[in-house]
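Please open the model in your viewer and keep the selection panel at hand. The stops below are meant to be followed in order.

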Amino acid sequence: MRLLPESALVCLESTLVSENNLLAINSLSVSFGGLKALDNVSIEVKPNNVVALIGPNGAGKTTLFNAISGLVPADSGQIKLEDNLISWPKPHELAGYGIARTLQGVGLFSGLSVVENVMMGADIHRKSNFIKDILGLSSRDEYELKEKAMQALAWAGAAHLAELEPKQLTYPDSKRVSLARALVMMPKILLLDEPAAGLGQDDIDKFTKLIFDLKRNCSIVIVEHHIDFISRISDQVYVLNFGKVIANGTFDSVKREPAVLDAYLGTQQSNSSSNSSRAL
Ligand SMILES: Nc1ncnc2c1ncn2[C@@H]1O[C@H](COP(=O)(O)OP(=O)(O)OP(=O)(O)O)[C@@H](O)[C@H]1O
Ligand SMILES: [Mg+2]
């Protein structure tokens, strides 16, 4: 079953021409006081690839997204987009670079309906601020914004939820809505932080199909603890542990690396309740 009609593919307006890296991070270090959360981390993301960041809790995965998103400052390191060196983006510049992200939690605004939450994501193409201007939009602008948001909800399989409030959503449905909010800007690069957390196998299977549809038109960097899911969707895997990349390559190659086995076995030994899906 196809989740998406081909004509509705989300990143259709993004033109990926480079055969080289769409995104490259070189030697990034980030520290919080005395803690080195990222230590000399380099990753490369090719067009139309799914790149997975995996590793135990506290390894630095979300911090990497936060550095790319301008939420934490880099101590050192470089970021290149389509092989051009740029300054570390500020949060408001991300959309202009074609980068969208979902948060590790769900992050929906409770005072707004589902479709309004998604409209917030589309608003980055407008000069004005949605919250400030929602009441002042011309009816035509509002109609267009809502159309885009409804399309993104449909891409994420959540069109039927449009008029609900976030508190009425099940957890899997709220994950779909937060994905729609990222998709609505038609990103070239989608950063997904634990999108499958809390989802059952059915939803993960649907999400797997969605990832394959999306990657035809954009690149995806995904942080995830569901290792089976990662094994199915990833072209390239980076394994982080204590802020360092300890392995990278295809899933099948990294899963055999002794350093990776150590990192995961260490996690399991020190946490008797750890989920078996984390095991390699
Ligand atoms: N804003 C912050 N201030 C201080 N320390 C932080 C901050 N953000 C992250 N850290 C610390 O940096 C380290 C890396 O955290 P990060 O959230 O990036 O890990 P993670 O790999 O995403 O873990 P998880 O799988 O649990 O989400 C942790 O030790 C964390 O406590
Ligand atoms: Mg995290």
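What follows is a sequence of selections, each with a description of what is found there.

**Before starting**

This is a predicted model, in which local features need pLDDT of at least 70 and side-chain atom pairs count only at pLDDT 80 or more, while totals for chains, interfaces and linings use all residues. Residues are numbered from 1 along each chain as its sequence is written, and chains are lettered from A and ligands numbered from 1 in the order in which they are written.

**The whole chain**

Display the protein chain as a cartoon: nine helices and 10 strands are present. Helices (H or I, at least four residues) and strands (E, at least two) are DSSP runs, numbered from the N terminus. Of the 280 residues, 39% count as buried. Here a residue is buried if 20 or more other C-beta atoms lie within 10 Å of its own, exposed if 12 or fewer, and partly exposed in between, with C-beta atoms placed from the backbone. Among contacts between residues at least 6 apart in sequence, 69% join residues at least 24 apart; two residues are in contact if their C-beta atoms, placed from the backbone, lie within 7 Å.

**The largest nonpolar core**

Select Val118, Ala180 and Val239 next. Of the 74 residues in the largest nonpolar core, these three, Val118, Ala180 and Val239, touch the most other members. Helix H2 (residues 114-122) gives the largest share of this core, six residues. At least three residues of the core come from each of domain 1 (1-98 + 187-280) and domain 2 (109-186), with domain bounds taken from an automatic or database domain assignment. A nonpolar core is a set of buried Ala, Val, Leu, Ile, Met, Phe, Trp, Tyr and Cys residues joined through C-beta atoms within 7 Å. In soluble globular proteins, nonpolar side chains tend to be buried together.

How many of its residues are buried? Nine of the nine residues of H2 are buried, among them Val118, Glu116 and Asn117.

Move to Val239 and show its surroundings. Leaving aside neighbours within four places in sequence, Val239 is in contact with Ile54, Gly55, Val245, Ile246, Ala247, Asn248, Val254, Val260 and Ala263. One of these, Ala247, is the bridge partner of Val239 in E10. Strands E9 (residues 236-241) and E10 (residues 244-249) pair in the antiparallel sense over five bridges; two strands pair if DSSP finds at least two bridges between them. The hairpin has two residues between the strands, and Phe242 takes a positive phi near 45 degrees there.

From Phe242, step across to Ala59, which is in contact with Leu240, Asn241 and Phe242 when neighbours within four places in sequence are left aside. Ala59 is found in the loop between strand E3 (50-54) and helix H1 (61-68). Is Ala59 buried or exposed? Ala59 is buried, because 24 other C-beta atoms lie within 10 Å.

Next, select ligand 1 and the residues around it: Phe32, Leu35, Ala37, Gly55, Asn57, Gly58, Ala59, Gly60, Lys61, Thr62, Thr63 and Gln104. A residue is near a molecule if its C-beta atom, placed from the backbone, lies within 6 Å of it. H1 provides the largest share of this shell, three residues, and strand E2 (35-45) and H1 each supply at least two.

**The hairpin of E1 and E2**

Follow E2 to its partner, strand E1 (residues 23-32): seven bridges join the two strands, which run antiparallel. Ser31 stands opposite Lys36 in E2. Two residues lie between the strands of this hairpin, where Gly33 takes a positive phi near 60 degrees.

**Two loop residues with positive phi**

Select Asn48, in the loop between E2 and E3. Asn48 has a positive phi of about 60 degrees although it is not a glycine, and Asn48 counts as partly exposed because it has 16 C-beta neighbours inside 10 Å. Then select Asp83, in the loop between strand E4 (76-81) and strand E5 (84-86). Asp83 has a positive phi of about 70 degrees and is not a glycine; with 11 other C-beta atoms within 10 Å, Asp83 is exposed.

**Last stop: Ile211**

Finish at Ile211 in helix H6 (residues 201-214). Ile211 counts as buried because it has 20 C-beta neighbours inside 10 Å. Not counting residues up to four places away in sequence, Ile211 touches Val50, Ile220 and Ile233.
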